[in-house]
Amino acid sequence: MTSFVAATTVRNAGKSYTQSNWKIETAKYPICNSSEIENMTSLLGIAPPEMIFGNNLVSVTHLPSGFALTFTAFDALDVVDKTGEAGMLKVAYSEEWQRMREKLSEDIRDVVKPFDWSYSTAWKGRVQNGEMVESEDALIPFEKLKRPDPILLFDDVMLYEDELADNGIAMLNVKIRVMPERLLVLQRFFLRLDDVVIRIRDTRVYVDFTTGEVMREFVSREAKYADVKKKFAMYPQDDIPSLLRDPNQLVDMLPIIETTREKTIVK
């Protein structure tokens with residue numbers, strides 16, 4: 001796993017908690033500096049988003065076995081299409097955006113210039129010292145998560161964000177909630193490309209501390225921008241722009257286009 005070590009003078013605003021042999025950690029640092037961005041650009045082969053938090057992370061580790069799941073910006077960006085061949089989105093300002101990005105990277109050698117500039121990622125987290133096995137019956141027990149259990153730790157960690165040259169937004173963040181008997185991680189990629197598409201890709205990880213069961217669910221949703229906007233027709237016109245910026249308002253309006261489920265038992 002590639003890491004970008006933040007300066008020791010910068011305070012980590014993350015959190016750490018251990019529950020039932022599981023260690024939960026978050027790291028929260030400021031936006032990457034110019035040298036970190038240059039390093040990341042060289043390693044990735046693409047220009048990173050405008051706001052890149054390369055030192056941030058969320059990790060969940062089972063201490064006895066070493067099994068771990070980790071979420072970082074670098075890993076998520078490393079699976080973004082770098083060829084531009086996987087349905088690269090087109091808008092009126094795409095050429096302008098591309099020239100701007102190439103100019104930022106003109107001093108970096110071997111940068112692959114055509115790439116998915118929407119930064120759409122299907123990354124589901126890095127697994128270490130274990131393996132997640134695909135299983136259709138790996139259904140996250142949402143009824144247990146609705147119980148009024150004490151929240152031992154909660155955090156919201158931003159990994160990257162880009163306003164796509166004022167054409168919308170691409171954003172990846174990770175939320176984690178730890179309770180006495182279980183935890184839930186939600187990594188969400190949100191893309192709003194104005195007048196083109198709205199896309200949400202959610203990865204949820206559920207850990208049951210009692211049984212050692214780990215479940216991971218990936219759900220991809222997508223719809224045309226115009227189709228989603230029509231669903232807000234009954235709202236006041238002044239409210240619609242803010243609604244289209246809120247993934248929590250949008251997620252249930254988007255049809256599911258892909259779902260994968262995996263699980264494992266950690267002892």
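Author: Let us begin with the largest pocket of this predicted model, to whose lining α4 (142-145), β8 (153-162), β9 (168-178), β10 (182-193) and α7 (247-250) each supply at least two residues. The largest share of that lining, six residues, comes from β9.

Reader: What makes a residue part of the lining of the largest pocket, and which residues lie nearest its centre?

Author: A lining residue must have an atom within 4 Å of a point of the pocket, and 19 residues line the largest pocket, with Lys175, Leu186, Arg188, Arg204 and Asn248 nearest its centre. The volume of this pocket is about 390 Å³.

Reader: How many residues of the lining are nonpolar, polar and charged?

Author: The lining has ten nonpolar, two polar and seven charged residues. Lys and Arg count as charged, so Lys175, Arg188 and Arg204, which are among the residues nearest the centre, belong to the charged class.

Reader: How do you know that β5 and β6 pair?

Author: Two strands pair if at least two bridges are found between them; three bridges join β5 (residues 68-72) to β6, and therefore these strands, which run antiparallel, count as paired. Within them, Thr70 of the β5 stretch stands opposite Arg126 in β6.

Reader: Why are β1 and β6 called edge strands?

Author: In the open sheet, five strands follow the order β1-β2-β4-β5-β6 with antiparallel pairing. The strands β1 (16-19) and β6 (126-128) are its edges because each pairs on one side only. Neighbouring strands of this sheet are turned by 15 degrees against each other on average, direction ignored.

Notes: Residues are numbered from 1 along each chain as its sequence is written. This is a predicted model: local features need pLDDT of at least 70, side-chain atom pairs count only at pLDDT 80 or more; totals for chains, interfaces and linings use all residues. Side-chain values use heavy atoms; hydrogens and water are left out. Helices (H or I, at least four residues) and strands (E, at least two) are DSSP runs, numbered from the N terminus. Axes are lines fitted to C-alpha atoms, for helices over the stretch in contact, and angles run from 0 to 180 degrees between N-to-C directions. On a 1 Å grid over the protein atoms alone, a cavity is a set of points where a 1.4 Å probe fits but cannot get out, and a pocket is an open set with protein on both sides within 12 Å along at least five of seven lines; lining residues have an atom within 4 Å of a point. Grid points are joined across faces, edges and corners, and a volume is the space filled by probe spheres set on the points.
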